[in-house]
Amino acid sequence: MKTLTASFLAVALLFGTAAHAQVQPLDRIAAVVDEDVILQSELDLALNNVLAQYAGRQDQLPPRDILQRQVLERLILVHLQSAQANQTGVRVSEEEIDTAISNIAAQNKLSPDQMRQQLASDGISYDDFRRSLRDELLSQRLRQRFAQTRISVSEAEVEAALASQDGEQYHLAHILVALPDGATPEQIATGQQKVDGVKALLDKGEMTFAAAAVRYSDSPNALEGGDLGWRSLDEIPAAFANTIRGLQKGQVIGPIRGPSGFQLLQLVETRASDTAAAQSVTQFQARHILVRDESGDDAKAKARIETLRARIAGGADFTEVAKESSDDSFSKDKGGELGWFTQDQFGPEFGAVVAALQDGQVSAPFKTQAGWHIVQREASRQTDVTDDNRRAQMRERIGQRKLEDEWNRYLREMRGEAFVDIRTGTPAAADGNGG
């Protein structure tokens, strides 16, 4: 699980009511989502939190009915992802939620009790906050599982991306006018007309890009002004990558038709790329002998490892003793040989012992979670891992770009297949498979 940043606190406060339906069963229903419901109080609180976030800037928001629909759509996706996580066996324990809360509090320079008091002073239920955090963690875990099964990056893609690096990073924002899968000519024409109208407003200077994104974008990040953050060239969709280099700060390109619909892209600013700096690490070469405590008799296992250590101290060959007596099936036939490894590769206890030895020295018996060990350090070296780091970073960037596209498509499919009956703002209407 990735470490939660302090900015998540704002998101959680924004949508800190994802399971409010469980505590006010008599509340009016705003929407039915498959077998779940979103209550009007849940929607109202989320909507009011958005308005609070834009205090003094509410002229940037769309009309209230449109904003309410945007907020409701976010809540619908939260409920759908939570349900999907539960159906596929994705779980988050109470201990994990406690850890996440402690992390958020620490990053906001608060103790968990102080953060709880802060939530109360802001009118946020602590139970609602925990449920919202649980939903966010479930969504993260669902996304990770999706990435593991759907996203792959080839060596050829990494090589091509490294070769095309231009030493710059680009801070981008976008506006999306979404089109459904299999859009009809009429839907495409309507989308084209809408995005052209938004572009005309921007060209005339009648609205800032961020305000237009909040008001008109169909992207999940619309309420953040369409902000996409900092990206390297390899993280930018191919339709834009070839033209982004020539843009000036604040310039807008598009509309461009993509898999999700029509997009406008703004270059907010640029900076030098933070490519991987030169880095070297210490590696060790060692052999070890392992005695496992398989019978539950730790004293017996300890006595056995001490006997083996005494044999080696008396002149027995470490390699032969390992072949005869080690319980590590991976290294036993190789005389306990572990090859080259970094200090943390086999856990902190093992690494600390190896690092403290001199080349050729044999350790005293010591215990880890695997069992009792003795280790013989054979050699050490400094290894340049700069290229490995650079390739790993590039692989991660390409994977994140692919994941963003595929995950958003997956969410649209999930939303399209769900039964959603919206009962607020407009006359009740069902969409999805159920209506």
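Residues are termed buried when their relative accessible area is under 20%, exposed when it is over 50%, and partly exposed in between (1.4 Å probe, protein chains only). Helices (H or I, at least four residues) and strands (E, at least two) are DSSP runs numbered from the N terminus. The model is predicted, with local features requiring pLDDT of at least 70 and side-chain atom pairs counting only at pLDDT 80 or more, whereas totals for chains, interfaces and linings use all residues. Residues are numbered from 1 along each chain as its sequence is written, and side-chain values use heavy atoms, with hydrogens and water left out.

Helix H11 comprises 16 residues (298–313), and its end C-alpha atoms lie 23 Å apart, in agreement with the 22 Å that it should span at 1.5 Å a residue, the expected span being 1.5 Å times one less than the number of residues. Ala-301, Ile-305, Leu-308 and Ile-312 are the buried residues of H11; they cover an arc of only 55° around the axis, which puts them on the same side of the helix, the arc being that of the directions from the helix axis to the C-beta atoms. The face turned away from this buried side carries the exposed residues Ala-299, Lys-300 and Ala-313. Just after H11, Gly-315 adopts a positive phi of about 115°.

Helix H4 (residues 94–107) has 14 residues and reaches 20 Å from its first C-alpha to its last, close to the 20 Å expected. Its buried residues are Ile-97, Ala-100, Ile-101, Ile-104 and Ala-105, which fall within an arc of 135° when seen down the axis, so that they line one face of H4. Exposed residues Glu-95 and Ala-106 are carried on the face turned away from the buried side of H4.
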